[in-house]
Amino acid sequence: MNQLLQNDLLIKAALSQSTERPPVWMMRQAGRFMPQYWEIKNKYNFLEMCKTPEIAADVTMLPVDLLDIDAAILFSDILVTAEAMGGDLSFEQGVGPRFSNPVRSQSDADKLQVDCLDRLQYVADAIKVIQQRLSGRIPLIGFAGAPFTILSYLVEGGSSKDFKRTKLLLNNEPQLAHYILQKIADVTIQYLNMQIDAGVNAVQLFDSWALALSWNDYRDFSHYYNKYILAGIRRTVPVISFCKGSSVFAPMMAEAHPDVISIDWNADLKNIKQTLPEGIAVQGNLDPFVLYANKPVIKEKILQLFERMRGESGFIFNLGHGIMPDIPFDNVKYAIDVVKEFRY
C-alpha cells in the first residue's frame, strides 16, 4: 500500500530512509484545540464518536484538511480494548474515563474476555472509511494502548495521579498483575493485526503511564508485554513505540525492535538517536508547551531541533506528548507550516 501514497515522508522516515525534510504529525492532532472538533463533540458523546465509523472518519480528517499534516491518526481511544474485554467504560466531562467495574481481584480478572475482537469491528470499519477519504494522500496511523497503561486504568477505575492501587497490585500480587497483562497483550495483538488488515499504513503503541514505573518494574510489567506484542503483530507496516518516560527507557524499548521510538521532551533527541541501534528512527520531541509561546519562539525552537538533528536519517517531527486543549489553533498551524517550509 505504501507505494501508492502521494506523500510517503512518514513511512520513509519511519524506515530510517532519508527525507528532504522531517515529516510532521502531532499526537492529539484531531482534538479539543479545534473549534471544528467541538462542533462534532457537542452533538455526540465521546464513545459514540469512536464507535460510529463516519464520525470517527470526520474527526480523523480534520487535521488532514485544516493543518495539512503528513500523516493522519485514527480517531479512537486507547481504552476501547479494555471496554471490549468487559470494562464498563464511560467518559465524564472534566473527569475523564471511568470504569464502574474496576479489576481488583482474581475473579474480576477471570471475567476479562480475550475473545472480543468482534466488539472492535467498528474500528476496522472506520479505517476503511478513512482510507477511502484519504485516497492515498498521506499515511494513516493506527494505534493501541500498551498493556501496563490499560491495566492502570482498569485497576484504578480511571485516571490516577499516583497509581497507588496499580503499584500495590504489582508489589503484593505480581502473579495477578501478570495474568491481567497477558490477557490485555493477547487482545492488543489481535486488535493491531485487525487494524493492519483493515489498511493502516503504520501503528503506534501508546504506553502513556510507563513513567510511573521504576526501571525494574518497567522491564517486568511493561516492556516484557510490549516486546511480546511487537513480536506477535504482522510487521508489514512501521511500528512506533511511545511512552512517557522514553527519555529514560529508550535503550530497553529498543530491545522490542520497534521501527521508531517516540521520545518525550526531557532528552536531547540526537543523543538518544545515537545511542539506539542502527535502523531505529526517532519521533519527537518538542515540548508541547512551546506551542503556547509567541510565533517567533515557536519557529526558533523547531529550527533548533532541526539543526540538532541535521544529518540524522530516521526523524519524524512530533511533540513529546499530545497537544493541550487550550493551545491556540493558529499556533499549531504555524508550527506545521514552519516544518513544511524547512529543507535540509
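Predicted model: local features only at pLDDT ≥ 70, side-chain atom pairs only at ≥ 80, totals over all residues.
The UniProt annotation "domain: Uroporphyrinogen decarboxylase (URO-D)", from an unreviewed entry, covers residues 23–32 and 141–157. The table sets out the two spans.

| Span | Distance between end C-alpha atoms | Helix | Strand |
|---|---|---|---|
| Residues 23–32 | 23 Å | 0% | 0% |

Under "binding site", the unreviewed UniProt entry lists R28, Q29, A30, G31, R32, D77, Y153, S208 and H321. These residues are spread over 294 residues of sequence, and also in space, with up to 22.9 Å between C-alpha atoms. The lining of the largest pocket includes R28, Q29, A30, G31, R32, D77, Y153, S208 and H321.

Two of the listed residues can be described in more detail. A30 lies in the loop between α1 (9–14) and α2 (35–41), and R32 is in the loop between α1 and α2. A30 has a relative accessible area of 14%; this is under 20%, so A30 counts as buried. R32 is partly exposed, because its relative accessible area of 45% falls between 20% and 50%. Leaving aside residues up to four places away in sequence, A30 touches Y37, V59, P63 and F75. With the same exclusion, R32 touches Y37, W38 and P325.

The surface patch is nonpolar, has an area of about 300 Å², and is made by W265, F289 and Y292. Of these, F289 sits in the loop between β8 (281–286) and α14 (295–308). F289 is partly exposed, with a relative accessible area of 48%. Patch residues need over 30% relative accessible area, a cut-off that F289 passes at 48%.

Key. Residues numbered from 1 in each chain as written. Heavy atoms only, no water. Patch = residues over 30% accessible without salt bridge, like charges linked within 9 Å, V, L, I, M, F, W, Y side chains within 5 Å. Areas by Shrake-Rupley, 256 points an atom, 1.4 Å probe, with all protein chains shown as cover. Salt bridge = Lys/Arg side-chain N within 4 Å of Asp/Glu carboxyl O. Helix = DSSP H or I, 4+ residues; strand = E, 2+ residues; numbered from the N terminus. Buried < 20%, exposed > 50% of the residue type's maximum accessible area, 1.4 Å probe, protein only. UniProt positions renumbered as here; feature names shortened; annotations may be inferred. 1 Å grid on protein atoms, 1.4 Å probe; cavity = no way out; pocket = protein on both sides within 12 Å on 5 of 7 lines; lining within 4 Å. Contact = heavy atoms within 4.5 Å.
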